[in-house]
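Please read the numbered points with the sequence at hand.

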Amino acid sequence: MKTLPLSSALLGLTVLLTACPGPVQERPEPSPTTYTLTLKVEGVPQAPVTILNDATKAEAFGGSVAGSKTLTLKARDVFRVEGGAVDGFTAPTAQVVTLDGNKTVTLTYTAKTPPTPVPTTHDLTVKVEGVPQAPVTIVNDATKAEAFSGTLAGSKTFTLKAGDVFRVQGAEVEGFTAPAAQLVTLDGAKTVTLTYTAKAPPVPTTYDLTLKVEGVAQAPVTVLNDATKAEVFSGTVSGTKTLTLKAGDVFRIEGGAVNDFTAPPAQTVTLDAAKTVSLTYRAAPGVALDPSRLQGTLSGWTFGTGRVAASFSWSNTVRDLTPATVTAAGAVSGVLPAPPQVWPFLKECTFSGQRSAPDFGTEVPELGVFSAGGDLLGTVTEQTVDGGHLVQRMYSDTAGTFRGTATCGAYVYDLDLTLKQGWNAVQVEDLAPQGERQHLRVRTLAPGTRVTLAFNRAAERLEVDFRDQSELILRAGESVSREASLVQVGGISGAVTLETSVPGVTVTPSTVTLPSLAAQRVGAQGLGGQAPLARLTPEAVQTRLTFTAAANARAYSGPLDLIVKQGGREVGRRTLPLRLTAPSVSLTVGTEHVGGLFLYPGTTAGLKVNVTSVEGFSGSATVTVSDLPAGVSAQPVTAQVTPGTTTTVTIPLTVAPDAAPGTTTVRVSTPQPSVSQGPNTVQLTVRPARTAVGAAQSALASSGEGVWVLGAGRFDSATSVYRTELTRYVGLQAGARATVPFGVGSLIALPGGDVLATGTDERVARITAAGEVTLLPRPTGLYGGVADGQGRVWFVQRVSEPTGGTRTALVRWTPGTAANDVVVVDDKASYGQQGRLVASGDGKVLVYLPAYSSAALRVDTQTGTVGPLGAEVSDQGGSVAISDAGTVWLTRNGAVGRLNADGSLTTFNDLRVERLFGFDRQNPDVLWGADYTSVFRIDARSGKAARIQLGEVPAGVTVNGGGLAVLTAEYDNASSTRQGYLSILR
């Protein structure tokens, strides 16, 4: 298409439209050029106001504004608005405002506060205290003009010139100290207090010290100057005494000794005033000791009048004191009698020290108190008032001194004795024991030592004495009588009952009434008899006692106790032998059970019992077993018994599968009348559960959660090969079986559950937990050994010397490699092929036990380091066990010890264990060991052990799942062979 040309006007319009494509815009309104400014005046009716242009300083307004006024001013200028002065009012602060809109400025006037008139005078109040009145002077301190001078009583107010400084002075008043002058500036009303204080009176140079003695009529008194120690008074004071002494000094007042009174403690007093010191004496407790006389008052005595006597053990006699009377108040004052016989004090003793005589004959009596009729009521004890130590009366046939130590059997005496011939008094103290000996300190007490007496009442009891003490022989339905003396001890009285300890045997009379003390005849027997305290011949109750056996009483042979009771409480007992015969049976455990009866969970065994007729018994007798442990039951068996015969029965004992191991003493009995003529008890031992493993063996090895047990070997004539059978057990259940084509001598457990069997062949059999057998070449000398945690086998091998000789060395071999791939770990230490290696549970530590020396070695399997064990132990009579922490325990001749990290050895004296099997795989605090008949579960923290009886224990190994697998052996009479059994202990 052809392009048309455009005109210039149209072209211009096009350009304009292109440049301004939008709609046409309206023009904005112009900005205002002025705004209003409104002025407001507040606080006054009107005020002069000035408005200045803040930039040009030109005045835009000046004039009076009443209320408000509006001005029109140039927009956006800045104006300063100032309010002029108005009388009586404070003008507001000037304000600056930018007029960018209509504005209002408020000018607020505030009324001025009229000035306070300055006073020309002020009041000054002067107060006098401490005295009724005093002369006072008031002086202007600047002009020295006197404003007041005179006597002022109480207080007074003065009107003085304001602002001046005044000096207020109180003059002296007799007997009082004047107060200090005071300066006061009178810038307001002020008060000045003049306080007078009384003057201290003159200090006296002496004071009175009054001494008062109380408790006694008079006493010696000493007064000392405590500083100079000079004696200012010493003499007897009766009642009171006053001393005049130097004031301020310190004096010590001491009351001297007065017989039978306790002197008061010394007192110290400072004489800063008149003082009184009371010295109070109190009657001394107890009495002054006289070694040959017992005197004083028995505390606790309530029995009226009585008698006191001395019992001498060496002569077996009792003798009265002179006089022997004990008053109703408990007063005693009697001379001790000489003993009929003395005994050498140091006989059979070892003495170390100084002594003036070789020995002395002595007697130490027991002092008894008796009723008027001679019944023993109790004993006397004597103590020192000072210290409360026991006092003993000691008779000596020799005067002498003994200072040192005497060891006499179970006693050690620390002696400090100064003895006179005749009666002495000694103080006895318990000291700390010396080993197993009781240690006593014995000191001579000086005459005059204060002592007290106490009555120790004997327990109320009745002593029964039979004149005929031979055996009581009774038949069922018969009686026998004995004369008896009933001796009252401890003041017992009233009704008592009598009974016997044997069922079916009674005593008559069954009740006896004992007389009271008041009813006894004074001195009926006296106390001068030749008998000790326990055998006095007092006024006893004489009676005839009859013992009767019931018609159905059971046969019995043994002690019969005559029991005395009062109010249900036993107060006496006397024993006589008794033989009671009656038709009965005798039960005796069979002699085959002398060593005990051993049972196993889940089995039944027989207990043989002999049943014998006694005294013509005829009939049936049912035999039962009592005191059975939990899990064991017994079936009663009835025997037919005829006179003159013995019948043997077998009681079946059934053991539950879950019965706990333990030992119990059980008893056989019968409800029929019976008497024991032999042992009727037997020790019953429940042993841990077991399973038979064939002929007794002595080898087993851990395999995972189970164990491989070496079985019987046999020669296969068809192949001319000797074969050995092995069985793997998990718990007590037989599982995998394996056959090895040679005789096996040892088993080595590997970490993964496999075991190595070595023996008579040049090969090693590796057996898996499933029973798979792989034959491997055997390194030379591998007849035993142990595996470490990496499955490497460590053993002792004889190696060749470069010079042509041989030596023994510790080596290791990894199963599966060539037989000659043996690494020599150490060939420096002394090894012997008959020694033994023991490994820790994790295989990180080995211990080598030599056979013929005690130079045991410790081996670190991770580094190959070999060094001394640190304790002497060998494979002959010793064993070791190693914890996973590396701690070594060992036995030597049955003694158990722990080798500590510091090299010391802790020996557990209460443990006697022959062999150690190792630490439990699940509980590292449990160590398993054994002797020839038992296994021990040892607590490695405390060294205490639980014993589990098993019989003969050939071998044991710890199990990965925890516990110990142990082999036991037992001779079987039926097959005449030794049978083996496996048990798992936890």
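1. R690 is partly exposed, at a relative accessible area of 23%; the class lies between buried (under 20%) and exposed (over 50%), taken with a 1.4 Å probe on protein chains only. The model is a predicted one, in which local features need pLDDT of at least 70 and side-chain atom pairs count only at pLDDT 80 or more, while totals for chains, interfaces and linings use all residues. Residues are numbered from 1 along each chain as its sequence is written, and side-chain values use heavy atoms, with hydrogens and water left out.

2. The side chain of R690 meets that of E970 in a salt bridge, 3.2 Å from N to O; the term denotes a side-chain nitrogen of Lys or Arg within 4 Å of a carboxyl oxygen of Asp or Glu. E970 sits in strand β88 (residues 964-972) and R690 in the loop between β61 (681-686) and β62 (691-695), so the pair ties together parts 280 residues apart in sequence. Strands are DSSP runs of E, at least two residues long, numbered from the N terminus. E970 is also partly exposed, at 32% relative accessibility.

3. A second pair joins D414 and R443, whose closest N and O atoms are 3.5 Å apart. R443 is partly exposed, with 22% relative accessibility. Both residues belong to a network of salt bridges that also links R403, D416, E429 and R441.

4. E254 and R252 form a salt bridge at 2.6 Å, N to O. E254 is partly exposed at 27% relative accessible area, and R252 is likewise partly exposed at 31%. Over the whole structure, the search finds 42 salt bridges.

5. The second largest pocket holds about 540 Å³ of space. A pocket is an open set of points on a 1 Å grid over the protein atoms alone, where a 1.4 Å probe fits, with protein on both sides within 12 Å along at least five of seven lines; lining residues have an atom within 4 Å of a point. Of the 20 lining residues, W314, F345, T362, V364 and Y413 are the closest to the centre of this pocket.

6. Strand β38 (390-396) is among those supplying at least two lining residues to the second largest pocket, and β38 gives the most, with three. By class, the lining comprises 14 nonpolar, three polar and three charged residues, where Asp, Glu, Lys and Arg count as charged, Ala, Val, Leu, Ile, Met, Phe, Trp, Tyr, Cys and Pro as nonpolar, and the others, including Gly, as polar.

How values were computed:
Helix = DSSP H or I, 4+ residues; strand = E, 2+ residues; numbered from the N terminus. Points joined across faces, edges and corners; volume = space filled by probe spheres on them.
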